[in-house]
Amino acid sequence: MGLIADIHKDLENGAFQLIVEYRARLRTEAIKLCGGEEGADDLVFRTFERVLAKADTYKDDINLFAWMKTILENIHRDDK
């Protein structure tokens, strides 16, 4: 069972697992986009919020990290 299915089954536990699994990788990407650590953690937090809000739209044939990274990039782009 994937993490998105876990989120649908138990939001709190699924969200915790998702954050544990992907926080560091998303933070690395956020630091690159932000040009440093300033703002990176906020960007990651908002990405997880959006991922959880849009979990119903996730398609299993898409790489989960790639999907979340796209969300992260979109949030960053929209902030400009």
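Start by selecting His76, which sits in helix 4, the run covering residues 64–79. Keep in mind that this is a predicted model.

Is His76 buried or exposed? With a relative accessible area of 13%, His76 falls under the 20% limit and is therefore buried. Now show its surroundings. Leaving aside residues up to four places away in sequence, His76 touches Leu33, Cys34 and Leu43.

Val20 has a relative accessible area of 58%, over the 50% limit, so Val20 counts as exposed. By contrast, His76 is buried. The line spans 21 Å, while in sequence Val20 and Thr57 are 37 residues apart.

Zoom out and switch to a cartoon view of the whole protein chain. How many helices and strands does the protein chain have? There are four helices and zero strands. Followed along the sequence, the pattern reads α-α-α-α.

The C-alpha trace spans about 35 × 20 × 15 Å along the principal axes. The radius of gyration is 12 Å, which agrees with the value near 12 Å for a compact globule of 80 residues.

Select contacts next. Of the contacts in the protein chain with a separation of 6 or more, 56% are between residues 24 or more positions apart.

Then colour by accessibility. Buried residues account for 35% of the 80 residues, and His76 is one of the buried residues. On a surface view, the protein chain exposes about 5,300 Å², with 49% of that supplied by carbon and sulfur atoms.

Colour the charged side chains as well. There are 12 positive and 16 negative side chains in the protein chain. The centres of the two sets lie 5 Å apart.

Finish by colouring by pLDDT. The protein chain has a mean of 94, and 99% of its residues reach 70 or more. Where pLDDT is low, predicted coordinates should not be read in detail.

Methods: Residues are numbered from 1 along each chain as its sequence is written. Side-chain values use heavy atoms; hydrogens and water are left out. Helices (H or I, at least four residues) and strands (E, at least two) are DSSP runs, numbered from the N terminus. Buried means under 20% relative accessible area, exposed over 50%, partly exposed in between (1.4 Å probe, protein chains only). Contact means heavy atoms within 4.5 Å. The radius of gyration is taken over C-alpha atoms; the globule rule is 2.2 Å times the number of residues to the power 0.38. Accessible areas come from the Shrake-Rupley method with a 1.4 Å probe; for residues, only the protein chains shown count as cover. Lys and Arg count as positive and Asp and Glu as negative; His and the chain ends are not counted. The place of a charge is taken as NZ of Lys, CZ of Arg, CG of Asp or CD of Glu. pLDDT is the predictor's confidence in each residue, from 0 to 100.
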